[in-house]
Amino acid sequence: MTDRALAVVRAGALTTVQDQGRPGHAHLGVPRSGALDGPAAALVNRLVGNPPEAAVLETTLNGCALRPRSAVTVAVGGAPCPVTVDGRPVAWGAPVRVPAGALLDVGAAVHGVRSYVGVGGGITVEPVLGSRSTDLLSGLGPPPLTDDSVLPVGRAAGRYARVDGAPQPRPPTELVLRVSLGPRDDWFTPRAVRAFTTGTYRVSAASNRIGLRTEGPALERVRPGELPSEGMVLGAVQVPPDGRPVVFLADHPTTGGYPVIGVVRAADLPAAAQALPGIPVRFVAVRRRSGGPGPG
Amino acid sequence: MRALPVGEDSLLVEVSSGEEAQALHAELVRRRAQGLLVVREIVPAARTVLLDGVAAPDRLARELARAELPAAVPPATEVVDIPVRYDGPDLADVAAHWGVGASEVARIHTAVEFRVAFCGFAPGFGYLTGLPPGREVPRRATPRTAVPAGAVALAGPYTGVYPRSSPGGWQLIGRTDTRLWDPARVPAALLSPGTRVRFVAVEGA
C-alpha cells in the first residue's frame, strides 16, 4: 500500500474524476462521458507529464481543496482561478510541486465554469468499461468527490513538460456555436429554423454535464409528438417540448425521442463547457465540410 | 432507406420498420467485424441505425444506398433465459388492456421469443420486441418516481427489465433477480442489440 493519495478537504460544488471517457458503448446505453473541456484536461496532463488518457479532476465554479499524502506535481487549467499551496499563491496553468501534507486550494473560477486539476501519475480510481470518468447521467464511474474522501494517485512518469505556463483564456462575452442543420430540422417551421440560427439565446442555469440548456425564443414545430427513439451524438441540439434548444454534452443520453435541429461542431463544445449561465449564445449555421451525403 | 447526415462525421440511417432496423444493424455489425466499415459507434434504435464517427459520411451514404441490405434479421446463436415472478403491481392493468385474465399475462409473455431491438435509457436497458400485434400497452399516466431494479415492464410494443432502480413510466408485470448490468462482469450488459431473450415464469416470494 503506497501513500500516493489525495485527501479531499473541500470537494467544492461538483468535482468529478474525468478522463477521455468511455466511447464505444453507446449501443448498450452507456454515455461517452469524459472531460467537458477536453483541451484543458489534455493540457494539465501535459504540464504534469501524464499521458493524455490520465484521469484529472473537473471542478465546477468554486474549485476544491486537496491534501496530498506524499509530494505530487499538479497543474490547474481550464477556467482561470486562484491557486494556493498552504495559503501562498502559486501559478495557474503551470506545474506546481505540492509537498506531502500541504493544502492545495483551487479557488473559485474568475471566469468560466470548470477548472481542471492534473496530478502527476493521474487519479487512479478503478476504471469502469475502460474509463475512470464519472458519468452523472447513468452513475457509472466514481461518485463526485465528497469532503474527507481519498483519491488514489498513480506513479508519476517523472518528467514534466518544459512549458512555462499555459495562456489564460479571455473571458468570453458570448458563446458562438457553429451548427450543421439536421437531421430533424424538417420538424420545425422555416421561421423556427431562422430564429434558431439568427436569434440570441442565453445559457440557462439548469445546464450540467448532460447538456447546455438555453433560454430564448421557443422553436415552433411543424409536427407534434415524439420521434421513435433514435441515436444521439455529442453536440446534438435537441429541442424538447418547451422549444428551448439543449446542446448535448459528454454525459448525454445515447438515444432520445425529441427532434435534433442541428449538431454543434465538436471543436466548439469546450467553450460551451465554460459558458456561465446568462452568457448570450448564438447558433451559426455552417455547411458540412464533407459537403453532405447529397439527396437519396 | 434514407441516410441523413448528422454533424460532421455521423449518419442516421432511417428505415421503415423496426424489423428492418434490426436487420440493418446486424448487417452493419457484420461489416464492421469484417473490416469493411470503420465507425466509432453503431447505435440501433426504433427505426434507425446511427453510425457515429465515420471518416467519410457522404461516401458511406452513397455506398449504403447502392448496397443490397438484407431485410430479415439473422438467426441468433444464443438465447438468454430470464426467470420472472409475475407479480407486478400493473399486472391487472395489462391483463385488462389485453382483455385476458391476470394469470394469462405470464402465459402470453413467456410464450414469446423476444429480441433486443436496441438499448438506451440506462446502461443495460434493452428494448425487447416480439410481442404479437395487439399486445401494445400505454405508458402509465403518472410515472413512478422509483421502479426497483429487476422490474419486468411493458410499454408500447416493448418489454424491458430495469437494470437499476430509477424513475419509470412502464407497466410493471413482474421482477427478476437476474443482473442485467454488472460493471464487474464481462460483458457488463447481459443484453445487447440482437440478443434473443425468453422469460421463464418462476414461483416464490
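**Aromatic pairs and a helix in chain B**

Author: Over all chains, the structure holds twelve aromatic pairs. Rings of Phe, Tyr and Trp (its six-membered ring) pair if their centres lie within 6.5 Å; planes under 30 degrees apart count as stacked, over 60 as edge-to-face and the rest as tilted. The model is predicted, with local features needing pLDDT of at least 70 and side-chain atom pairs counting only at pLDDT 80 or more, while totals for chains, interfaces and linings use all residues. Residues are numbered from 1 along each chain as its sequence is written, chains are lettered from A and ligands numbered from 1 in the order in which they are written, and side-chain values use heavy atoms, with hydrogens and water left out.

One of the pairs is Phe121(B) with Tyr162(B), which is edge-to-face at 5.9 Å centre to centre and 85 degrees between the planes. This pair links distant parts of the chain, 41 residues apart: Phe121(B) is in the loop between β6 and β7 (126–129) of chain B, and Tyr162(B) is in the loop between β10 and β11 (166–168) of chain B. Helices (H or I, at least four residues) and strands (E, at least two) are DSSP runs, numbered from the N terminus. Phe121(B) is partly exposed, at 41% relative accessible area, whereas Tyr162(B) is buried at 1%. Buried means under 20% relative accessible area, exposed over 50%, and partly exposed in between (1.4 Å probe, protein chains only).

Another pair is Tyr127(B) with Trp170(B): the ring centres are 5.6 Å apart and the planes stand at 65 degrees, so this pair is edge-to-face. Tyr127(B) is in strand β7 of chain B and Trp170(B) in the loop between β11 and β12 of chain B, 43 residues apart. Both Tyr127(B) and Trp170(B) are buried. One aromatic cluster includes these two residues along with Phe118(B), Phe125(B) and Tyr158(B).

Next, the helix α4. In chain B, the buried residues of helix α4 (residues 102–110) are Val105(B), Ala106(B), Ile108(B) and His109(B). These buried residues fall within an arc of 165 degrees seen down the axis of α4(B), so they line one face of the helix; the arc is that of the directions from the helix axis to the C-beta atoms. Among the elements of chain B that cover them are α3 (91–98), β6 (114–119) and β9 (151–155).

How values were computed:
Contact means heavy atoms within 4.5 Å.
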